[in-house]
Amino acid sequence: MLGAMALPGSAAPQRAADDDSTRILVFSKTAGFRHDSIPDGIAAVQDLGAENGFLVDATEDAAAFTPENLGRYDAVVFLSTTGDVLDAEQQQAFEGYISSGGGYAGVHAAADTEYDWPFYGGLAGAYFESHPEIQPATVLVEDRAHAATAHLGPTWDRTDEWYNYRTNPRDTARVLASLDESSYRGGTMDGDHPISWCQEYEGGRAFYTGLGHTKESYAEPAFLAHLLGGIRYTTGDAAADCRPETGYTPLFDGTGAGLDAWRQAGPGSFTPDGTDGSTLTSSGGMGLLWYGEREFAAYSLKLDWRMSGDDNSGVFVGFPASDDPWTAVERGYEIQIDASDAPDRTTGAVYGVQSADIEARDGALNPPGEWNTFEIRVEGERLRVWLNGVLVNDFTNTDPARSLREGHIGLQNHGDGDEVSFRNIRISELPDGGGQ
């Protein structure tokens with residue numbers, strides 16, 4: 001059922017002690033400019049809650065910011081708040097809520113809020129500076145694994161009021177989407193213009209989107225899916241890697257980096273998605289799609305992957321060039337994708353050698369049908385695996401017949417009936433391959 005909307009100045013309704021449903025608080029108090037889209041935004045979040053199984057309370061009463069009351073919520077949405085909306089005691093309560101693992105979702109003018117509260121500035125990620133007139137622009141989708149952006153293509157054309165920010169959050173947050181400043185008038189961020197991002201902050205989870213100025217936004221399916229994904233991340237219902245990311249080179253993204261440098265070894269294939277060509281989906285096998293242009297030594301490899309059901313695949317590293325897929329099996333190591341297999345052959349495991357930390361893995365894993373992100377970091381003979389930003393395996397090779405110090409990387413197409421998709425494969429070479 002849907003939580004009741006509290007009128008401005010009223011207290012939020014209490015939840016029964018045995019109610020463990022996901023619940024969010026929408027806070028829309030304004031002490032400066034007031035957006036006429038706020039009622040549409042509240043109604044839209046209520047509808048999202050009704051459709052997706054979470055409860056929604058709404059208030060403009062800052063007295064709702066007490067430790068006891070905030071403790072009832074999985075996330076708080078600051079919906080186009082403006083100005084100084086919380087007093088010192090309420091700020092302290094919210095800081096405690098975030099440090100205890102609470103979630104924050106900031107929408108549009110949430111960045112035009114609490115300029116004299118450094119904690120909030122860090123949580124939101126950046127403060128508003130200015131904006132041009134409402135106009136169409138092209139959004140560049142940088143992270144297509146996060147629940148807020150996984151439904152989008154590489155670009156997203158829409159109309160909104162496009163904020164400029166006082167600082168660039170790229171070094172402290174994971175940028176999900178940015179603006180192509182050449183596609184509209186009035187951008188002031190020198191061509192690097194984040195517009196949506198996420199981060200883990202002081203013990204909690206934070207998501208911000210600069211979209212959502214117009215009433216029309218809250219009837220736009222793509223924007224509503226964007227907002228829903230951000231809320232799901234802040235409540236902990238969707239896992240994501242929200243660590244800052246810079247310095248990666250694409251090995252496959254369907255656009256500038258295609259499949260020219262990749263080779264198929266053995267049977268089966270990977271088929272680029274027919275809409276934008278940026279997603280590879282496995283079929284048949286057992287084979288291997290491997291990057292043949294060069295070997296890598298010390299590196300961080302990131303890629304996004306999705307299972308359609310109880311499927312099987314993996315990422316191979318550290319193997320020599322070969323058109324025989326079994327060379328990768330016998331001379332390299334596989335980081336497994338298969339959530340239902342034995343511990344040393346399940347998602348995050350170094351296949352057949354070392355199990356993932358199952359408790360950490362289970363807490364970080366998104367279910368079939370949703371995207372996940374691996375980071376596979378190789379330094380010397382040490383191999384570490386992060387799943388959606390959580391370290392789930394730390395392995396050191398001691399097998400004299402294998403070495404991680406140099407080798408190729410590849411994606412397994414396991415066999416008939418196993419359908420696993422990959423996209424946004426990128427690498428950052430590390431300065432020192434010494435390691436263990």
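Reader: Which residues is Pro272 in contact with, leaving aside its neighbours within four places in sequence?

Author: In this predicted model, Pro272 is in contact with Leu259, Gly277, Thr279 and Leu280, once its neighbours within four places in sequence are left aside. Pro272 itself lies in strand 14, which covers residues 269-272. Its C-alpha is 9.5 Å from that of Gly258, a residue 14 places apart from Pro272 in sequence.

Reader: Why is Pro272 called partly exposed?

Author: The relative accessible area of Pro272 is 37%. A residue is buried under 20% and exposed over 50%, with partly exposed in between, and therefore a value of 37% makes Pro272 partly exposed.

Reader: Why is Asn424 called buried?

Author: For Asn424 the relative accessible area is 18%, and because the cut-off for buried is under 20%, Asn424 is buried. This residue is found in strand 24, residues 420-429, where it touches Glu142, Arg174, Phe252, Ser278, Lys302, Leu303 and Asp304, not counting residues up to four places away in sequence.

Reader: How do you know that Ser217 counts as buried?

Author: Ser217 has 1% relative accessibility, and because buried means under 20%, Ser217 counts as buried. It is found in the loop between strand 11 (204-209) and helix 5. Not counting residues up to four places away in sequence, Ser217 touches Arg158, Asp160, Gly212, Phe223 and Leu224; Phe223 and Leu224 are among the buried residues of helix 5.

Reader: Why is helix 5 said to be largely enclosed by the rest of the structure?

Author: Eleven of its 15 residues are buried, and so helix 5 is largely enclosed by the rest of the structure. Those buried residues are Phe223, Leu224, His226, Leu227, Leu228, Gly229, Gly230, Ile231, Tyr233, Thr234 and Thr235.

Reader: What span does helix 5 reach, and what span is expected?

Author: Helix 5, residues 221-235, reaches 21 Å from its first C-alpha to its last, which is close to the 21 Å expected at 1.5 Å a residue. Just after helix 5 comes Gly236, which takes a positive phi of about 90°.

Reader: Which elements do the buried residues of helix 1 pack against?

Author: They pack against strand 1 (23-27), strand 2 (55-59), strand 3 (75-79) and helix 5. The buried residues in question are Ile38, Gly41, Ile42, Ala44, Val45, Gln46, Leu48 and Gly49. Helix 1 runs over residues 38-52, and the residue that follows it, Gly53, has a positive phi near 80°.

Reader: What is the phi of Ser80, and is Ser80 buried or exposed?

Author: Phi of Ser80 is near 50°, a positive value in a residue other than glycine. Ser80 lies in the loop between strand 3 and helix 3 (88-99), and because its relative accessible area of 1% falls under the 20% cut-off, Ser80 is buried.

Reader: What makes Glu202 buried or exposed?

Author: Glu202 has a relative accessible area of 52%, and because exposed means over 50%, Glu202 is exposed. Glu202 also has a positive phi of about 50°, although it is not a glycine, and it lies in the loop between strand 10 (193-201) and strand 11.

Reader: How do you know that the radius of gyration of the protein chain agrees with that of a compact globule?

Author: With 436 residues, a compact globule would have a radius of gyration near 22 Å, and the protein chain has 23 Å, which agrees. Along its principal axes the C-alpha trace spans about 70 × 50 × 40 Å, and buried residues make up 56% of the 436 residues. Of the contacts between residues at least 6 apart in sequence, 72% join residues at least 24 apart.

Terms used
Residues numbered from 1 in each chain as written. Predicted model: local features only at pLDDT ≥ 70, side-chain atom pairs only at ≥ 80, totals over all residues. Heavy atoms only, no water. Helix = DSSP H or I, 4+ residues; strand = E, 2+ residues; numbered from the N terminus. Expected span 1.5 Å × (residues − 1). Buried < 20%, exposed > 50% of the residue type's maximum accessible area, 1.4 Å probe, protein only. Rg over C-alpha atoms; globule rule 2.2 N^0.38 Å. Contact = heavy atoms within 4.5 Å.
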